[in-house]
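This briefing is meant for a reader who is meeting the protein for the first time. Please look over the sequence and the structure below before going on to the notes that follow.

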Amino acid sequence: MPEPWNLKRARAIAAAQRRAGATAVPLLAALAAAFGRLGEEAVDLLVETLGVDRFSARGLMLFHRDVREHAGQPHAIRVCRGERCRARGCEALGDRIAMRLGVPWYGRSADGRWSFVPVYCQGMCDHGPTACVDDIPFPRLDAIGADGLVDLMEAIDRDHGG
Ligand code: FES
């Protein structure tokens, strides 16, 4: 049974996770295990703990929630190859994601749960390079963010026996 949100306890969980080397995914999983559905207060904690901005923290949290609630369903990763994202290095980031996932551009994972789809604009051109996982946008993607996305997907696969 999840307990009510408690900032002191949430900080203790976050500190323990960080000491163990955890990134956003296991940290979110630990918080969700303790408190159930996470709200805006968890965004503040992610900003404080991970040093990310609020936009990124909110995206991570929404993504984590969304994929858990749609566990077992197929997911699409869309990396923008539009001109403006291309000028900001989307090709290398897409190649990095493809290599880490073992799924080529236009490809699908062996279990059919993940497809990797290029798109040619996602309407976030000023914030490129961009990616979307299902309907969750990930603007200003860099190598660390791309690795974080893959880590998140791998953790979800593990959580749900993929
Ligand atoms: S060119 Fe990539 S979002 Fe528009």
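This is a predicted model: local features need pLDDT of at least 70, side-chain atom pairs count only at pLDDT 80 or more; totals for chains, interfaces and linings use all residues.

In what order do the four strands of the open sheet stand? The order is β2-β1-β3-β4, and the pairing within this open sheet is mixed.

**Overall make-up**

- The secondary structure of the protein amounts to seven helices and four strands, and these elements, read from the N terminus on, follow one another as α-α-α-α-β-α-α-β-β-β-α.
- Taken along the principal axes, the box that the C-alpha atoms of the protein fill is roughly 45 × 35 × 25 Å.
- Of the 162 residues in the protein, 28% are buried.
- When contacts between residues at least 6 apart in sequence are considered, 58% of them join residues that are at least 24 apart.

**The sheet and the helix across it**

- Strands β2 (114-119) and β4 (136-138) stand at the edges of the sheet, where each has a single partner strand, so one side of each is left without a neighbour in the sheet.
- Neighbouring strands of this sheet are turned against each other by 20 degrees on average, when direction is ignored.
- Strand β1, which covers residues 75-80, runs antiparallel to strand β3, which covers residues 131-133, and three bridges join the two.
- Arg78 has Cys132 of β3 standing opposite.
- Helix α6, made up of residues 90-101, lies across β1 and β2, and its direction is at about 150 degrees to β1.

**The pair α1 and α3**

- Helix α1 (residues 7-19) and helix α3 (residues 40-50) have axes that come within 11 Å of each other and cross at roughly 40 degrees.
- The crossing in which α1 passes α3 is right-handed.
- On the α1 side, the residues that meet α3 are Leu7, Ala10, Arg11, Ala14 and Arg18, while Glu41, Leu45 and Thr49 are their counterparts in α3.

Technical notes
Residues are numbered from 1 along each chain as its sequence is written. Two strands pair if DSSP finds at least two bridges between them. Axes are lines fitted to C-alpha atoms, for helices over the stretch in contact, and angles run from 0 to 180 degrees between N-to-C directions. Two residues are in contact if their C-beta atoms, placed from the backbone, lie within 7 Å. A residue is buried if 20 or more other C-beta atoms lie within 10 Å of its own, exposed if 12 or fewer, and partly exposed in between; C-beta atoms are placed from the backbone. A crossing is left-handed if the near helix is turned anticlockwise from the far one by less than a right angle, and right-handed if clockwise.
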